[in-house]
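Biologist: I should be grateful for a guided reading of this structure. Might we take it one feature at a time?

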Amino acid sequence: MEQRIATITRTTGETEITLALNLDGSGESTIDTGIGFLDHMLTLWAKHGLFDLTVNARGDLQIDEHHTAEDTCICLGRALDQALGERRGITRTAHSFVPMDEALALVAVDLGGRPYCVVQAEFVTPRVGQLGTDLIFHLFESIAFHGRMNLHAQVLYGRNDHHKIEGLFKAFGRALDAATRFDPRLAGIVPSTKGVL
């Protein structure tokens with residue numbers, strides 16, 4: 001079986017990022033973005049998706065976390081797209097509900113090549129750790145558009161913003177794990193009536 005791995009390097013006037021992804025890993029990760037809460041979320045995402053992920057990001061954190069967080073998620077989306085290749089034989093669509101104490105999150109994905117993102121969530125605090133909660137929407141959008149996927153994420157209910165966001169990232173990892181799995185009935189066929197994704 002062909003290895004589904006990707007390494008992305010992105011250097012701009014604002015950030016310098018190297019990201020390596022193995023879709024068929026065991027959930028091992030080494031994450032260093034300089035944004036503690038983002039590191040925590042990506043670690044959870046990798047663990048629950050059984051993806052191996054290495055991220056080393058340096059950015060203009062003296063300004064704020066926006067550029068570093070955004071560019072990290074752009075790289076993650078590009079790595080997902082590259083590692084998936086022609087997307088032959090994959091299950092393609094999946095969803096996951098994840099409870100996190102009092103919060104419940106749902107994420108559904110379609111790896112059909114059509115980028116779109118809907119995130120429905122309400123946060124009551126301006127930030128969790130060093131990450132602004134208003135950025136959560138944009139981070140999922142960045143992954144979805146650069147990963148060429150349809151991504152719908154929703155916090156059904158909850159009180160604690162940390163729990164809500166953690167539920168979303170865990171659900172995203174689990175949904176992607178299911179969607180990227182090979183379906184033996186497809187036998188290498190592209191899962192689309194169009195014949196291409």
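Biologist: Which residues touch the most other members of the largest nonpolar core?

Modeller: A word of caution comes before the answer: this is a predicted model. The largest nonpolar core has 58 residues, and those touching the most other members are Trp-45, Leu-53, Met-149, Leu-151 and Phe-172.

Biologist: Which residues does Leu-53 touch, apart from those up to four places away in sequence?

Modeller: Contact here is a matter of heavy atoms within 4.5 Å. On that basis Leu-53 touches Leu-19, Ala-20, Leu-21, Glu-28, Ser-29, Thr-30, Ile-31, Leu-42, Trp-45, Ala-46 and Leu-76. Two of these names, Leu-42 and Trp-45, return among the buried residues of H1.

Biologist: What should H1 span, and how far apart are its end C-alpha atoms?

Modeller: The expected span of a helix is 1.5 Å times one less than its number of residues. H1 has 14 residues and should therefore span 20 Å; the end C-alpha atoms are 20 Å apart, in agreement with that value. The buried residues of H1 are Phe-37, Leu-38, Asp-39, Met-41, Leu-42, Leu-44, Trp-45, Ala-46 and Gly-49. After H1 comes Leu-50, with a positive phi near 60°.

Biologist: Which residues of H3 are buried, and against what do they pack?

Modeller: Burial is judged by relative accessible area, and under 20% counts as buried. In H3 this applies to Leu-135, Ile-136, Leu-139, Phe-140, Ser-142, Ile-143, Ala-144 and Gly-147. The buried residues of H3 pack against the helices H1, H2 and H4, and against the strands S7, S9 and S10. Arg-148 follows H3 and has a positive phi, near 55°.

Biologist: At what angle do H3 and H4 pack, and how far apart are their axes?

Modeller: Helix H3, residues 135-147, packs with helix H4, residues 161-180, at an angle of about 10°, and their axes are 12 Å apart. H3 is therefore roughly parallel to H4, since angles under 35 degrees count as roughly parallel. From H3, Ile-136, Phe-140 and Ile-143 meet Ile-165, Leu-168, Phe-169 and Phe-172 of H4. Seven residues of this contact are nonpolar, with no polar and no charged ones.

Biologist: Where is Arg-87 found, and is Arg-87 buried or exposed?

Modeller: Arg-87 is found in the loop between H2 and strand S5. Its relative accessibility is 1%, so Arg-87 counts as buried. Its phi is positive, about 65°, although Arg-87 is not a glycine. Arg-92 is found in the loop between H2 and S5, and has a positive phi of about 85°. With 17% relative accessibility, Arg-92 counts as buried.

Biologist: In which helix does Thr-68 lie?

Modeller: Thr-68 lies in helix H2, residues 66-84. Thr-68 counts as buried because its relative accessibility is 0%. Leaving aside neighbours within four places in sequence, Thr-68 is in contact with Thr-15, Ile-17, Thr-33, Ile-35, Ala-57, Gly-59, Asp-60 and Leu-61.

Biologist: How does Asp-52 count: buried, partly exposed or exposed?

Modeller: At 22% relative accessibility, Asp-52 counts as partly exposed. Asp-52 has its place in strand S4, residues 52-59. Not counting residues up to four places away in sequence, Asp-52 touches Ala-20, Leu-21, Asn-22, Gly-25, Ser-26, Gly-27 and Glu-28. Thr-7 is 45 residues from Asp-52 along the chain, and their C-alpha atoms are separated by 12 Å.

Note on methods:
Residues numbered from 1 in each chain as written. Predicted model: local features only at pLDDT ≥ 70, side-chain atom pairs only at ≥ 80, totals over all residues. Heavy atoms only, no water. Helix = DSSP H or I, 4+ residues; strand = E, 2+ residues; numbered from the N terminus. Buried < 20%, exposed > 50% of the residue type's maximum accessible area, 1.4 Å probe, protein only. Axes fitted to C-alpha atoms, helices over the stretch in contact; angles between N-to-C directions. Parallel < 35°, antiparallel > 145°, perpendicular 65-115°, else oblique. Nonpolar A, V, L, I, M, F, W, Y, C, P; charged D, E, K, R; others polar. Core = buried A, V, L, I, M, F, W, Y, C linked by side-chain atoms within 4.5 Å.
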